[in-house]
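Please consult the sequence and the coordinates alongside the text.

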Amino acid sequence: MSTNPITNWIKSTMEKVDDIELRMKDRVAEASINAQKLSDERHGPHKSHLFFRNERRDKGFNNFYQANSAFKGKEAGCVNSFKSARYYMGEAAKERDAILERIAQE
């Protein structure tokens, strides 16, 4: 070693070539792992096509256009759906039964 204190200080703070190569190997390995993760996530069986879209199967289909904010979250508010058709058919049947009862009482 040199007796010059500045040279000793510079050599003591310099990175060793082996350390630089080890960090480079780690970075390459990490980049490879991350690339494989991206590939697996893109082409995996659970995310086959348009993987970035929200999967709604576990929640059920409930993203109908709402006719009015008062109907939001109720069967009556889902425009052009079987839910709303079933609701309004049920309401019509109730009204029909009420009319038939009224006629029967007269």
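## Basis of the model

A residue is termed buried under 20% relative accessible area, exposed over 50%, and partly exposed in between (1.4 Å probe, protein chains only). The model is predicted: local features need pLDDT of at least 70, side-chain atom pairs count only at pLDDT 80 or more, and totals for chains, interfaces and linings use all residues. Residues are numbered from 1 along each chain as its sequence is written, and side-chain values use heavy atoms, with hydrogens and water left out.

The average pLDDT (the predictor's confidence in each residue, from 0 to 100) is 78 for the chain, and 71% of the residues score at least 70.

## Salt bridges

Three salt bridges are present, each defined as a side-chain nitrogen of Lys or Arg within 4 Å of a carboxyl oxygen of Asp or Glu. E91 pairs with K94 at 3.4 Å, N to O. K94 is exposed because its relative accessible area is 54%, whereas E91, at 31%, is partly exposed.

E15 and R23 are joined at 2.1 Å, N to O; E15 is partly exposed at 48% relative accessibility, as R23 is at 39%. The remaining bridge links D97 and R96 at 3.3 Å, N to O.
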